[in-house]
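Colleague: Before I use these labels, I would like to hear what each one rests on. Please take me through the model.

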Amino acid sequence: MAFWFWHGLRNGVQSTRYPHTSESAAGVSPGHPLSTRFPSATDAARVAAACPVEAITAVDDLAQIEHKRCVYCQRCHFGGTERVHWDSSFEWTRPHSIRARYDPLPRDFSASLHIIVVDAGDCGACLNEVKQLNNPLYNMHRLGFFFTPTPRSADVLIVVGPVSENMRGPLLKTYEAMPNPKRVIAVGACAITGGVFERTFMSAGGVGSVLPVDLDVPGDPPPPLAILHGLLVVTGRKQPVPHGMLAAGALK
Ligand code: SF4
């Protein structure tokens, strides 16, 4: 006990300052691919063909990334001679629906937001990243975010995993037990689209086919700061990324 006391005094606060300052420490984000224009349509088609989950569509000389499907394997950036642009940020939360604008929770929730997490058939990767939010480095309590095991006291439902058949019922019961207003965040490619599991007799193919989803945090898994960005978006303290904006930023 005394060791940690003196350790803390000697090293000071180690928690990230995000969102008060930007965070660029090594390893905080694996980054993500950006839609990229190539010199020829053949190059764009070649990079699209290399993607293992068909997350890249070649439209003439443009390799267009569908972030909902991307599993962040980095093959399109490091795997061949044609390389898409790569962005090292982590603020990539976006509205689930392409058509809908995200409507944040009232400002009052900023001081105390309670989050319930449902593992709906997750492999463990996304769940592990969500758990990191409680550790001293990310320390989400400083922002007024708290995990709760009780749906009755939860404002936000985070879902990880593609929603396996066995988890469909418990997930629905959790959502229905939460009071209004409430928001749902799909974390990771599996929760957003079903990922590599897609829609099968055992997988719902993403949370959106079971519940109304408000926000997506793409990634496979997304890093903790990307999930933290999603929670900040929930209360309107950060803005979501509009659909298509990352693509437009990469065009040269
Ligand atoms: S990172 Fe991997 S999954 Fe994502 S677009 Fe590139 S090749 Fe496809």
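Colleague: What makes α7 a helix that lies across the sheet, and at what angle does α7 run to β11?

Modeller: In this predicted model, α7 lies across β7, β8, β9, β10 and β11, and runs at about 165° to β11.

Colleague: Why is helix α7 called largely enclosed?

Modeller: Buried means under 20% relative accessible area. In α7 (residues 224-234), 11 of the 11 residues are buried, so the helix is largely enclosed by the rest of the structure. Among them are Pro 224, His 229 and Val 234.

Colleague: Which elements do the buried residues of α7 pack against?

Modeller: They pack against strands β7 (113-119), β8 (145-147), β9 (156-160), β10 (183-187) and β11 (215-217), and also against α4 (125-131). After α7 comes Gly 236, which has a positive phi, near 80°.

Colleague: What makes β6 and β8 edge strands?

Modeller: The open sheet has six strands in the order β6-β11-β10-β9-β7-β8, with mixed pairing. β6 (94-95) and β8 each have a single partner strand, so one side of each is left without a neighbour in the sheet.

Colleague: What makes β3 and β4 a pair?

Modeller: The cut-off is again at least two bridges, and β3 and β4 (residues 62-65) have four, in the antiparallel sense. Ile 56 stands opposite Ile 65 in β4. Their open sheet has three strands, ordered β2-β4-β3. Its edge strands, β2 (36-37) and β3 (56-59), each pair on one side only. Helix α2 (residues 41-50) packs on the sheet, touching β3 and β4, with its direction at about 165° to that of β3.

Colleague: Why is Leu 9 called exposed?

Modeller: Exposed means over 50% relative accessible area. Leu 9 has 53%, so it is exposed. Leu 9 is found in helix α1 (residues 2-11). With Phe 5 and Trp 6, Leu 9 makes a nonpolar surface patch of about 380 Å².

Key
Residues numbered from 1 in each chain as written. Predicted model: local features only at pLDDT ≥ 70, side-chain atom pairs only at ≥ 80, totals over all residues. Heavy atoms only, no water. Buried < 20%, exposed > 50% of the residue type's maximum accessible area, 1.4 Å probe, protein only. Helix = DSSP H or I, 4+ residues; strand = E, 2+ residues; numbered from the N terminus. Contact = heavy atoms within 4.5 Å. Patch = residues over 30% accessible without salt bridge, like charges linked within 9 Å, V, L, I, M, F, W, Y side chains within 5 Å. Areas by Shrake-Rupley, 256 points an atom, 1.4 Å probe, with all protein chains shown as cover. Salt bridge = Lys/Arg side-chain N within 4 Å of Asp/Glu carboxyl O. Axes fitted to C-alpha atoms, helices over the stretch in contact; angles between N-to-C directions.
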